Amino acid sequence: MIKRISIDKLKPNMYVSDLNCDWIPHHNMQKEGRIPNVKIIDELKQRGIKEVYIDTSRGIDEEDALTQHEVEQQNQNKLNRAAQLNMESAGSVSVEEELFRAHKLQNKAKGIMTSVLSDVKFGKPLETEGFDDLADGMIDSVIRNHNALACLGRIREKDNYLMEHSINLAVLMGIFAKAMKIDRETMHQAMVGALLHDIGKIMVPDNILHKPGKLDDNEFARMKQHVVFSRDLLKNTPGIHPLTVNVAAQHHERIDGSGYPEGLTGCQICREGKMVAITDVYDAITADRCYHKGLTPTSALKKLLEWSGSHLEESLVHMFIRSMGIYPVGSLVLMESGRLAVVIETSEKDQARPIVRVIYHTRLKQFIRTEIIDLSKAASQDSIKSSVDPEKWKIKISDFLN
């Protein structure tokens, strides 16, 4: 049986099935295995790990612990409570109307990011004018209908993670800031910071940056330096706003002090630093990497809730869920009718009833004529049963988002 226990209850000869630490990006810890001694437990505590999952069939049991099923139910209940919050309007135009402009913006963003990453790698100064113009365009798109850029953010290529992650993070920060009613100038600087937050990774050797296996201690220390590289590069670039620097410098800080590079806690981290920590973790754990199978968007939101209060700011996690909906754009969902559908637009009326594109019938085991349904309308005769993994059904989500 799989159970979740506090790190304080972890003992030698227990078998850890999951360190539950994907909030630590690029971590170099073995996620599964038998605990040999107290020294290992102390090392885990020093890394900031608060709770782990153990397999009682392969090691010592802990009676006073929640089972994995109970934890999942607890996380679902938290998500259901978060769903009671009313969502902001997606915007003044439909997704279909905004997608063309969003495509142009995304292509522009890829061009700018590719050029800047190349320039920085070869020691050229960072040019920021393009980022200011790009951020303004993204803000306008988010205001018109944030679901369009959110749709495109679900279309990923594994080989372009660094570039696509930075663009996606800027979009998520824009959506988040819109829901928070943050003023346009602050929103702008936060989005530029998100676009540039990982620029320092260009200075990390490729054999470390793209290593498919576990990093050793020296490699992990080198990887963590990318935040310092990003911060210092931005600090030394004329015209960069201090908030932009803070967003890049604090995206790996955690409210309990377990983050890096400074180990900041609580109020030492600015609001936008706490926001970018949430969006960074969300985008990272929903992405397929060479060493990580991405979670579904809804499963990722549940993990954010599980980690909130300790590593991530709980009230902000709830606000982020409010901005995304409990079934974010790009989610594959199973309907009560047995059909599968892709979420293409969130609904301000009811988070649990977004606009979906029905594509597949699970009982017939075949694709069906696509149909767009607004589940929030009284005429809708169907509803969402659960979020599901597209890989299980061999469905490529990107084929149904454009």
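Buried residues (under 20% relative accessible area, with exposed over 50% and partly exposed in between; 1.4 Å probe, protein chains only) make up 56% of the 402 residues in the chain. The model is predicted: local features need pLDDT of at least 70 and side-chain atom pairs count only at pLDDT 80 or more, whereas totals for chains, interfaces and linings use all residues. Residues are numbered from 1 along each chain as its sequence is written, and side-chain values use heavy atoms, with hydrogens and water left out.

The chain has a radius of gyration of 21 Å, which agrees with the value near 21 Å for a compact globule of 402 residues; the radius is taken over C-alpha atoms, and the globule rule is 2.2 Å times the number of residues to the power 0.38. Along the principal axes, the C-alpha atoms of the chain fill a box of roughly 60 × 55 × 35 Å. The accessible surface, computed by the Shrake-Rupley method with a 1.4 Å probe, comes to about 17,800 Å², of which carbon and sulfur atoms account for 48%.

Secondary structure consists of 12 helices and 10 strands, taken as DSSP runs (helices H or I, at least four residues; strands E, at least two) and numbered from the N terminus. Of the contacts (heavy atoms within 4.5 Å) between residues at least 6 apart in sequence, 70% join residues at least 24 apart.

Beyond its neighbours within four places in sequence, L10 is in contact with I5, V16, I35, I41, L44, V52 and I54.

Residues up to four places away in sequence aside, N75 touches K302, L305 and E306. T237 lies in the loop between α8 (217-235) and α9 (242-250) and is likewise buried, because its relative accessible area is 9%. With residues up to four places away in sequence not counted, T237 touches L126 and T128. K110, in helix α3 (residues 95-121), is partly exposed, with a relative accessible area of 22%. The C-alpha atoms of K110 and I167 are separated by 7.8 Å, although the two residues are 57 residues apart along the chain.
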